[in-house]
Each structure stands twice: as C-alpha cells, then as structure tokens.
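Look at the structure below. We start with confidence, then turn to charged pairs and a sheet.

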Amino acid sequence: MNAHEIDYEIFGEEMQYVELELDPHEAVVAEAGNFMMMDNGIKMDTIFGDGSKKDEGFLGKVLGAGKRLLTGESLFMTIFSNEVQGKKKISFASPYPGKVIPIDLTRFNGKFICQKDAFLCAAKGVSIGIEFSKKLGRGFFGGEGFIMQKVEGDGMAFVHAGGTMAEKVLQSGEKLKVDTGCIIGFTQTVDYDIEFVGGIRNTLFGGEGLFFATLTGPGTVYIQSLPFSRLASRIHQAAPQGGGKDKGEGSILGGIGDVLSGDNRF
C-alpha cells in the first residue's frame, strides 16, 4: 500500500483547519461535510468507501462502504484530486472547536485506532475501516460503543479533537484511566478496556459516569479535553427549555438583570 505523499500546514489556535498541498495527480479523501476551500483545478468525486483499493470490484466496494454504516458514517466519501499541472491547495476544517492532529502512519506501524467521529481526512491510499472490540464489557459500557474507526497505510491521516489535545506515551504495563468520551485515539499496541468506578457515592453522585476507560501501554494515546458530546450536553442544559426563559447565567439577578441590561425577551 503506497499512499500519496502530501504536504500540509495547520492554521489557527482553537478553531483549526488543515491546508494540504497536492502535486499533479495527488489526491486526498475526506468525510462529507469537512471540506472548507480549494484552488481551481482540483476535481471532487463522491465514491463508495475510501478508494484505497484500486482493483476492488463493485461488490467489494459496496461491502466496504456498508461497514461504515456501523460507525454511523455515510456510505460515501469524497475524494479531491489535482487534475492540472502545478501544485494546488485544499483545506479541511474541524467541525467543532478544537485541534487538528496529524497522524503519520509510518510512525505507528501502519495503523491507528480512533473514535468513530474523529477522522477528518487522509492521503489517498490510506484505508479507513472499522475496529471491533474483542471484549464484551467494552462494547456494552464503553460510552462510544465497541466499534471504533481505524486508519491503515503508510501515509498521512488527520483527526480532530475537541478542546485541547494531550499526547501520552505509555510504557509497557503503564495504565491511564480516562473518561470514555475523552479518547481521541491510540496506537494498535495499546490495550483498551473498561473499569467500573466503584463506590456507591461515586456511582450515584459522582457525575462522572459509571465507568472509566483504561488504556494500558506500551503505545501512544491522544486525549481531548472537550468531547463534542459533553459540549452538546452543556449547550442543551443552558438553552431555554420548552419555550421558557433561560437561567440568567452570569448574573446573580437572573431575569431582573436581563431587564436592567435591556433584554426584554419576556
């Protein structure tokens, strides 16, 4: 497997995007909805699967694309190819505030496992598939489920994280406990399991869920500080419910403070 060699640059701080430079006949594959902008001369095609297997028949492409449904993704992916002479640039943006993380698959023996919504884009030739958990407990209680995405090959892939990213290099036998939603991804040598928090008070009143994810080295782990599910939950809690008023956050006066500040929404 020989993925296209692409140059890239990441822009921004908390709302990042990645700009890829494509030589003639080079291409990049991406999830639908991540495209930002591109130079004239780049051709866009919608395809089954990821386009990593050139000689794969139609049935094989359909089966490969069908597996993506298990991760909640679309049957189709989008491929962008430089069809003209000269270098052309194309950009992809993270769908929510956070970081874009470059993954050089040659550093990780050709495979990286990530949360099913973390993949952003990759050089053509990189395979985007699914990774099943071999442990039943992880499937039932893992928060994000027992199906994760995997990217395989020898090229560059890009994943996105919410908030700030932490990279942890675990030694053999070293264990890290993580909130299940905070995992971005990890190398194939890391063992991933679920551990019960324990304690009645922790279980009932801790507010952190019933289970930790446990990541055991050796290997590299990427952690995000603000999973999208957590961000969405906070927005939902702060939004007016059933047409009612909001909570007046930021003022001890609540609704009275809104009146004094000129807010007449009630």
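Over which residues does pLDDT stay under 50, and how many contacts beyond four places in sequence does the model have for them? One such stretch is residues 139-145, with 14 contacts of that kind (heavy atoms within 4.5 Å). Residues 202-208 also have a pLDDT below 50, and this stretch has 7 contacts in the model beyond near neighbours in sequence. Here pLDDT is the predictor's confidence in each residue, on a scale from 0 to 100. Where it is low, the predicted coordinates should not be read in detail. For the protein, the mean pLDDT is 77, and 69% of residues reach 70 or more.

This is a predicted model, in which local features need pLDDT of at least 70 and side-chain atom pairs count only at 80 or more, while totals for chains, interfaces and linings use all residues. Residues are numbered from 1 along each chain as its sequence is written, and side-chain values use heavy atoms, leaving out hydrogens and water.

Now the charges. Side chains of opposite charge can pair when their charged atoms come close. A salt bridge puts a side-chain nitrogen of Lys or Arg within 4 Å of a carboxyl oxygen of Asp or Glu. The count comes to 8 salt bridges.

Take Glu19 and Lys89: their closest N and O atoms are 3.6 Å apart. Glu19 sits in strand β2 (residues 17-22) and Lys89 in strand β7 (residues 88-93), 70 residues apart. Strands are DSSP runs of E, at least two residues long, numbered from the N terminus. Glu19 counts as buried because its relative accessibility is 15%; Lys89, at 35%, counts as partly exposed. Buried means under 20% relative accessible area, exposed over 50%, and partly exposed in between, with a 1.4 Å probe and protein chains only.

Strand β2 also holds Glu21, whose partner Lys87 lies in the loop between β6 (76-82) and β7, 66 residues apart. Glu21 is partly exposed at 21%, and Lys87 is partly exposed at 48%.

A further salt bridge joins Glu131 and Lys150, at 4.0 Å from N to O. Glu131 is in strand β11 (residues 127-132) and Lys150 in strand β12 (residues 147-152), so the pair ties together parts 19 residues apart in sequence. Salt bridges with shared partners join Lys111, Glu131, Lys150 and Glu152 into one network.

Finally, a sheet. Three strands form an open sheet in the order β15-β18-β17, with antiparallel pairing. Two strands pair if DSSP finds at least two bridges between them. The edge strands are β15 (175-178) and β17 (191-196). β15 and β18 (residues 211-216) pair over 4 bridges. Lys175 stands opposite Thr216 in β18.
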